[in-house]
Amino acid sequence: MLAASLYITVCSAKNRVRMRLRRLREPRYLIGAIVGLAYFYLAIFARGRGAVVRNGRRRGTDGPPGFPPIFELAGTSVSGLGVFACAAVAWFLPARSGLLEFSDAEREFLFTAPVSRRQLLAHRVVRSQIGSLVASTFIALFATPVSGLARVRLALGFWILLLTVRIYYAAVTLTRARLQSDVPAVRRVAWLPTGLMAAGVAVVGVSVVRQLQQSSSGLSDIIVHLARATATGVPHVVLWPFIAILRPPFTGSTQTFIAALGSSFLVLAAVTAWMLASDATFDAVAGEGRGAAAAVEPQAAVQPARARSAGWTLALTGRPELALLWKGAMATVRGISAKTWRYAVPAAFGVFGISFGVMQANRLQGPAASVCVVAAIVAFGAVLLGPQVARLDLRTDFEHLDVLKTWPLRAGDVIRGEMAWPILVVSSMMWAGVFVAALFSGPAFPDVSFVSRWSFALAAAFAGPALIAAQFAVHNTATILFPAWVQIGTQRARGVDAMGQRLIMLAAIIVSLAIMALPGLLGGGAVWLIFHRIAEDIVFVPAAIVFAAIVLVEVLVVTELLGPAYERIDVTSIERGES
Amino acid sequence: MAIAVEHFTRTYGAFTAVDDLSIAVAAGEIVGLIGPNGAGKTTTLRALAGILLPTSGRIVVDGHDLAADSIEAKKRLAFMPDEPHLFEYLTVDEHLRLVARLYTVPDFERRASALIQELELTGKERSLPGELSRGMRQKVVIACGLVRDASVLLFDEPLTGLDPLGIRKMRETIVARGRAGAAILVSSHLLNLVEEICTRIVIMDHGRKIADGTVAELASRAEAAAGSNLEQIFLKVTGRD
């Protein structure tokens, strides 16, 4: 089986490279490749050369990448604590390990082949190596200039780290699934690693909390306390495996690297054994009739999404944009799992209530300022990142372009309808952030008047959605005009050329957004110039309204102008991602 | 003519998928579009549905040019592809409702309920595509096409994934719609189905139309033996016998 896995991996890699080279015959890929290579040159080699010139040295250092002195002292144990925390959190995450994601072809060919579940897992580990190797190579290349040998150590160290993390997460996923088994013996075995992790969390947690109760004057003190909490005794024993896998990439010499490698291999072997043992136990469950897929997939994960009632029935008449907005809403409501809502909503209310209560009861400026800043960051992040993340527009629905193109709708209506729901969602997030920030801004910033604070908030509430809509317009314009250069759905083109294309698109999007915002800024700025002496800070509200009105009109015009391009779009020009 | 394809050509780079194709389908006619793999049948149907643009040529649906007057043309079209593309997070009922809204379907509730019964989707109204079998998803696509009064129906391998009962019902549905006056173009490799339900047959090969007529006319032109079925005629016409 190992030979077969290697054969699949090598052939796939070889053919992928061949395909990427062949597509360079198309100008768009060639341009992308040139930009991508230029970026690599500037980011790695030119940067390294610059550092050498600044340091007056011909070669980079042989040591690990430079860290602040406090990190040199306590970095490994504190980082080990961080890795341990991530490892503990992994038990609660609903996501599934990528190692257990078999492609359709793997299911067709390998699940029906006479191979054991254990061999299937080994196959996935082998197949994931190309990705891990590429990732660790990139980390080493982009690290602070170090000598060639140090880069090799960094790459190898990260490779082992990534491999261990992948296998650990697969083992956690399988163990979690075993805990749901109907067979008591299977569940009992699964409690062993679960109990060990829980005990570890208790031991380390108590030690950390004790140390953090001591007074700290800053970040350095906190790091020292955390290092003290984890450097000795039982907590250190608990954290040893997590520190061991972190050590190789950060060693300063080849000798220490080889010494550190032994410990990390030991951890890797233990984690691998745990994963394979988990699989064997799962086979017992599969033997009861769940079949091959159930052997490697937690039962909950293979269940298709359920049709939850959204409490909104689409009216049979009305604007087409609203029908598409409704479609987006259904996808969001049903795409978010019940678990997310169950925890996220009460948690959000809890945080809000507690912060407000503490603020009111103690008349403290600190917590209010914290909440205010966090809320403002949420609002700012929604405006800045929301349109990149919320892709429930044409960027997702181009996968259904075959269906969209058959609808008897004006292109402008389709484009606006596709954008409407994500604009509403991201704007709502921004409004919530602005509202909370404004609410908590009084005690947090007592020197700023009520009128000024709420003027800023209202101005943000008006201007934000316009900026969000403009960004969605730019992204959807790019999708329509350059479908081959935009990530459609969850697929993602890979390779230097694809990366170059993304860089070009990013630059084009920033420039387009600036151009779209400029008339609004001029209009809003004019209002501010004329009235700011009379109205003081209140003037920000009408200025923002003028800004928003101008930008929204631009969005409307853009969506209308895109109509002919949408009609002409060729479904065959859409890039199909690589699996 | 309900469907008029005039000198339609579609190329992909240097490859010509459909070359100078002209077909006409009258109201009430059921035309079978057959041909070997890669003949250009699906490209033709996708261009007729407005998904692909012709490289050259013209497509007219009920008097409306698909390029110049696409909205009016598309209102009259229903395309049932072989691969069911459904929205992951919309239920069966919601798919029908969305189509009804986009195409302004009068008397939707009655039509939807009758179709759900006819296509044996009863009990699946609130299911998401992920909960349905391939055949069921295919039926949903067909229901979305039939829920409105389209005067032109395009079927690409309509029986893929259907069970024997579903196949029989689908056959009956296509014939009934044809009798009701719809112009129907059916692409299929199931030659016995095409022979049974179609009033006329168009054979394509290498992107070109190589024969057009009733089974009897095709047999006569191909100089096939008396009593030859469509399969024998097809093999003779395409030179694969």
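Modeller: Helices (H or I, at least four residues) and strands (E, at least two) are DSSP runs, numbered from the N terminus. In this predicted model, chain B has nine helices and ten strands, while chain A has 22 helices and zero strands. Residues are numbered from 1 along each chain as its sequence is written, and chains are lettered from A and ligands numbered from 1 in the order in which they are written. Because the model is predicted, local features need pLDDT of at least 70 and side-chain atom pairs count only at pLDDT 80 or more, whereas totals for chains, interfaces and linings use all residues.

Colleague: How many strands form the open sheet of chain B, and in what order do they stand?

Modeller: Strands of a sheet pair through backbone hydrogen bonds, either parallel or antiparallel. Two strands count as paired if DSSP finds at least two bridges between them. In chain B, six strands form an open sheet with mixed pairing, in the order β6-β7-β8-β3-β9-β10. At the edges stand β6 and β10 (208–213) of chain B, and because each has a single partner strand, one side of each is left without a neighbour in the sheet.

Colleague: Which strands of chain B form a hairpin?

Modeller: Strands β1(B) and β2(B) form a hairpin with two residues between them, and B:G13 in the turn has a positive phi of about 65°. Seven bridges join β1 (residues 3–12) to β2 (residues 15–25) of chain B, and these strands run antiparallel; B:T11 stands opposite B:T16 in β2(B).

Colleague: What share of the residues of chain B count as buried?

Modeller: A residue is buried if 20 or more other C-beta atoms lie within 10 Å of its own, exposed if 12 or fewer, and partly exposed in between, with C-beta atoms placed from the backbone. By this rule 49% of the 241 residues of chain B count as buried, and 35% of the 579 residues of chain A. B:S127, in the loop between α4 (108–118) and α5 (134–146) of chain B, counts as partly exposed because it has 19 C-beta neighbours inside 10 Å.

Colleague: Which residues touch the most other members of the largest nonpolar core?

Modeller: In soluble globular proteins, nonpolar side chains tend to be buried together. A nonpolar core is a set of buried Ala, Val, Leu, Ile, Met, Phe, Trp, Tyr and Cys residues joined through C-beta atoms within 7 Å. The largest has 154 residues, and those touching the most other members are A:A437, A:A470, A:V551, B:A143, B:V152, B:L154 and B:I184.

Colleague: How many residues of chain B are in contact with chain A?

Modeller: Two residues are in contact if their C-beta atoms, placed from the backbone, lie within 7 Å. Here 32 residues of chain B are in contact with 27 residues of chain A, and the largest share of that side of chain B, seven residues, comes from α3(B).
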